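Hi,

Here's the structure I said I'd pass on to you.

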Amino acid sequence: MMSSDGLSKTVRDFVEKYLITSNGVRLSYPVRSAESEKLATLEQINTLISKRLIRHESLEEGDSIELVHDRLAQIALQHGQASQQLKKTQRQKQQQLRRRWVISVVVIVIVLIGFVVFMFNLRRV
């Protein structure tokens, strides 16, 4: 799925998880690893480069990429934190719905058992 800026969620996740630390510090990441681990395709990496979001470096040990500026790292960190908070909130809502459903089923079962006991006692009289 593509976002309004033309970047897929997987590319955003790649940037947020592999190109910055949990403190928002930029990291360099090998292009070969990104491709082989299917974190980002060469086309996606080139798109980020053309949008001037990441830069490409040729090093002795191989090509690597990193965010172009510390400010972008902070924005990516904030976006990642907001995404995590949203996921946490959604999980909590799902758990609440499950609890309500279980409670509803338990109440229905108790009412049915009560009804059966009542009918059984009514028949005995």
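Below is what turned up, going from the overall layout to the details.

One thing to keep in mind: this is a predicted model.

Let's start with the layout. The protein has 4 helices and 3 strands, and along the sequence they come in the order α-β-α-α-β-β-α. The radius of gyration is 26 Å, while the globule rule gives 14 Å for 125 residues, so the protein is more spread out than a compact globule. You can see that in the C-alpha trace too, which spans about 95 × 30 × 25 Å along its principal axes. Buried residues account for 21% of the 125 residues.

Now the inside. The largest nonpolar core is made of 19 residues, and Phe14, Val15, Leu19, Ile45, Ile54, Ile65 and Leu67 are the ones with the most contacts inside it. At least two residues of this core come from each of α1 (9-18), α2 (31-36), α3 (42-50), β3 (62-67) and α4 (70-124).

Then the outside. The protein exposes about 9700 Å², with 59% of that supplied by carbon and sulfur atoms. There's also a nonpolar patch on the surface, formed by Trp101, Val102, Val105, Val106, Val109, Ile110, Ile113 and Val117, and together they have about 740 Å² of accessible area. So is Trp101 buried or exposed? Trp101 sits in helix α4, and its relative accessible area is 59%; exposed means over 50%, so Trp101 counts as exposed.

Cheers!

Methods
Residues are numbered from 1 along each chain as its sequence is written. This is a predicted model: local features need pLDDT of at least 70, side-chain atom pairs count only at pLDDT 80 or more; totals for chains, interfaces and linings use all residues. Side-chain values use heavy atoms; hydrogens and water are left out. A nonpolar core is a set of buried Ala, Val, Leu, Ile, Met, Phe, Trp, Tyr and Cys residues joined through side-chain atoms within 4.5 Å. Buried means under 20% relative accessible area, exposed over 50%, partly exposed in between (1.4 Å probe, protein chains only). Patches are made of residues with over 30% relative accessible area and no salt bridge: like charges are joined within 9 Å, nonpolar side chains (Val, Leu, Ile, Met, Phe, Trp, Tyr) within 5 Å. Accessible areas come from the Shrake-Rupley method with a 1.4 Å probe; for residues, only the protein chains shown count as cover. A salt bridge is a side-chain nitrogen of Lys or Arg within 4 Å of a carboxyl oxygen of Asp or Glu. The radius of gyration is taken over C-alpha atoms; the globule rule is 2.2 Å times the number of residues to the power 0.38.
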